[in-house]
Amino acid sequence: MSEALLAALWRASWQGGLAVAVLWCFCRALEKRRWFSADLRCWLWRAAYLKLLISLAVSGSIVLPILPAAKMPEPPSVVSPSPPATNEDATIRSASLDTVSALLPPAVSATSPLLSWQETVLLFYLLGVGVCLVRVIRAG
């Protein structure tokens, strides 16, 4: 869950930051124009802030399947008699199990951190948003 939230936060940050930068350049270029009033600037900045909120709230992509997945035919089952097991077969099987267990990720130990670095970044971001929200409410 936190990885999806962190991805949404990153997407909202770069898209919103780009929108704000473009709007700032636009406002600086047109600030001397008579028709470019303060009301128009105010509404443009509100739209930029709304872009920041919408890109955070809306998910990145929507999956729309066009056709159902094709089913693969079952291969014909062939039963072959197995040769009698030998001591060499048991050694090969145990060696292959050791190889597979070495490729698996280690189990979570009791000393693992409570939060990953992504969750820590997200927690600090949400803490900053909360502090800013409290300041805005107190000022208003």
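1. Where is the place of W10? Look in helix α1, which covers residues 2–30. Bear in mind as you go through these points that the model is a predicted one.

2. Staying with W10, is this residue buried or exposed? W10 counts as exposed, because its relative accessibility is 61% and the cut-off for exposed is over 50%.

3. On to charges. As a bit of background, side chains can pair when they carry opposite charge and their charged atoms come close.

4. E31 has a relative accessible area of 36%, so it is partly exposed. R28 comes out at 48%, so it is partly exposed too. For both calls, the band in question runs between the 20% cut-off for buried and the 50% cut-off for exposed.

5. Now for the inside. Which residues make up the largest nonpolar core? There are five of them: L23, C27, L30, F36 and A48. Helix α1 gives the most to this core, with three residues.

6. Last, have a look at A48, one of the core residues. If you set aside the neighbours within four places in sequence, A48 is in contact with V20 and L23. L23 is itself listed in the core.

Definitions and conventions:
Residues are numbered from 1 along each chain as its sequence is written. This is a predicted model: local features need pLDDT of at least 70, side-chain atom pairs count only at pLDDT 80 or more; totals for chains, interfaces and linings use all residues. Side-chain values use heavy atoms; hydrogens and water are left out. Helices (H or I, at least four residues) and strands (E, at least two) are DSSP runs, numbered from the N terminus. Buried means under 20% relative accessible area, exposed over 50%, partly exposed in between (1.4 Å probe, protein chains only). A nonpolar core is a set of buried Ala, Val, Leu, Ile, Met, Phe, Trp, Tyr and Cys residues joined through side-chain atoms within 4.5 Å. Contact means heavy atoms within 4.5 Å.
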